[in-house]
Amino acid sequence: MARPTVLVADDDVVFVQSLAAVLRTRYHVRTVANGTEALATVEDDPPDLVILDVMMDHMSEGFDVARALRSNEATALIPIIILTGVDRVYNLRMEVDESWVPADQYFEKPISPVVLMRKVGDLVGPGEAKPDP
Amino acid sequence: MTEPTMTRLQTQVAAGSGTRVRSGSGKNQFSYIFAWELHERLLWFCKLRWLAAAGLALVSVLGPFFSMPLTRPSLAVIAALVAIYNLVFVYVLRVRLGPEKDYAALKGLAILQMVTDLAALLFTVHFTGGCASPVLPFVVFHMAIGTIMIEGRIMYALAFAVSTAAASLFALELTGILAQVPTVSGGQSTVGSCVLSTAMLVVLVFGVVYLTDSVTSRFKARNIELHQTTTELRHALDEQEQLERRKSHYMRISAHQLRSPLGTIKTSIQVLIDGYLDPGSPDGHRLLEGTAARVDSLLDIVNDLLELAKMREGRARAPWAREVSVNQILADIFDTVDPFAREANVELVPDFINEGAAVLDWAVPPDLVYAFENLIHNAIKYSKPEGGTVTVALGIDRTHAMVVIADDGIGIPSDLQDDVFLEFVRAPNAKHARAEGTGLGLSIVREAAQMHGGKVSLESAEGLGTTVTVVLPLHHIPPEIIDR
């Protein structure tokens, strides 16, 4: 079974480095720095999971990408994790209004690698424990 | 630097130096208050008029008991007329003219009511004994009420009209052109008593209008004053609330800006602790370097926040402030930034060498250095990858020094040009340029300019470059320093 692909969209290079180091232990990882690149990458080769920061070039870029993915039939079923430092209120808001930002999980930065891997495992399976080629 | 440019900038500086423009249409508010009051008073007046009509009807019925047989039908007709036109006035006031309607229309209606009432009163005076009529004092009473509602000059005109009409009425009665109606006591008026009555009526009517007008004018002035004070207080309260909201927003944004690198640092450390990367491996080393850079950026943000806070407090009006030469400051900065410019392949053009000395009476040197250094650094930092030119020019006139820093770099998108002086606002093309920045530099520059009594403005075109202009008054000394 091929390793599931995780796309990480975040403009924080150091954070992306950390995340990639964790995810690469079991998944294939691709990284982009903004929403436009994220959408283009998904269109070219849909990943198994998308992890989005919210504030990149624009204030709510991550949310816009999530809505765009869910409104497109071809990408609507790709699981989405929002991983950002914006506001704790978002978590509550997503609980009461699932349609607000269509994501499967909202995490705040900083993120524990264990928690992240557990959630990614829930969404796309455990992956394979071998290094990325 | 051209004269028109300096003049335009001076005008901008002067315009920004204090005149507060009051918003809202105060005049309309006062009109509304007056209209509301007038509407209430006119309705109250209509109630009084019902009483007057009823009184007249009663007198016409009871007339024979007071030896006034001739007046009975005439008073009944007047009572009926008063009741009819009062009905019309009530209808107009309640249905057609509310307080939210035109104040001028209500004023017109008030004058019309006064004229019809005075006409009805003069007819009543005629049918109840002319110049000896017991109804005559009601004319004076009516003028007093009218002056409360209608402005003085119109009431003086009405006083003149009613005096003339009454005098003419009495003259016509005395000459026999109009039949004299007997008084309550049954007697006839004499020339002497009529002249005396007319004179007293004129004095009383004008006197009452004068006194009532002076009291109501003062009352109205106080009313306006009170309303203005209330409006100003409300305005100040709104400003205070806005300030509190801005403060809160600023704190939230600042906290987020601090939390963001902290989140990254914490995650990176956790990744290393959990053994996902070996710190000794090339990837681990790269992550450690990146993490250290984030710590540096965090420190930069904290330092800039402190700098901004100090400037906002006016550095307690800087006891170490002194006379400062802008030329010297710019020359020193050029020495500092020159290596940085060379590295970025940017040519620095000092267009202030031959300019006269721009000496500020009161300045805090480190703050001015920070401001100009920041602007020149930005101009170099956001130059195009292939390099470019940064020109720093100085202009002076009798009152102001103007420093213009122009580059031909990446520019600022038009939709962000108004916001770049706000805290933590960075244009996307600046982020893409991979140039480090806290997003606080321009806020500090603006604060530094304002602290020195000046202002900063910016013109930019994306892809073509940016020109930042700082205008500083030569002789500005903060009021707190003068008062000390």
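**Entry 1: conventions.** I note that this is a predicted model, in which local features need pLDDT of at least 70, side-chain atom pairs count only at pLDDT 80 or more, and totals for chains, interfaces and linings use all residues. Residues are numbered from 1 along each chain as its sequence is written, while chains are lettered from A and ligands numbered from 1 in the order in which they are written.

**Entry 2: chain B overall.** I looked up the secondary structure of chain B and found 13 helices and seven strands (DSSP runs numbered from the N terminus: helices are H or I, at least four residues; strands are E, at least two). Of the 484 residues in chain B, 34% are buried (20 or more other C-beta atoms within 10 Å of the residue's own, with C-beta atoms placed from the backbone).

**Entry 3: helix α12(B).** I turned to residues 441-451 of chain B, which form α12, and found 10 of its 11 residues buried. Among them are Leu442(B), Ile444(B), Arg446(B) and Glu447(B). The cover over these buried residues includes α8 (282-312), α10 (365-381), β6 (455-461) and β7 (465-473) of chain B. After α12(B) comes Gly453(B), with a positive phi near 80 degrees.

**Entry 4: the side facing chain A.** I found 21 residues of chain B in contact with 17 residues of chain A (contact: C-beta atoms, placed from the backbone, within 7 Å). On the chain B side, α7 (191-273), α8 and α11 (428-432) each supply at least two residues. α7(B) gives the most, with 10 residues.

Note on methods: A residue is buried if 20 or more other C-beta atoms lie within 10 Å of its own, exposed if 12 or fewer, and partly exposed in between; C-beta atoms are placed from the backbone. Two residues are in contact if their C-beta atoms, placed from the backbone, lie within 7 Å.
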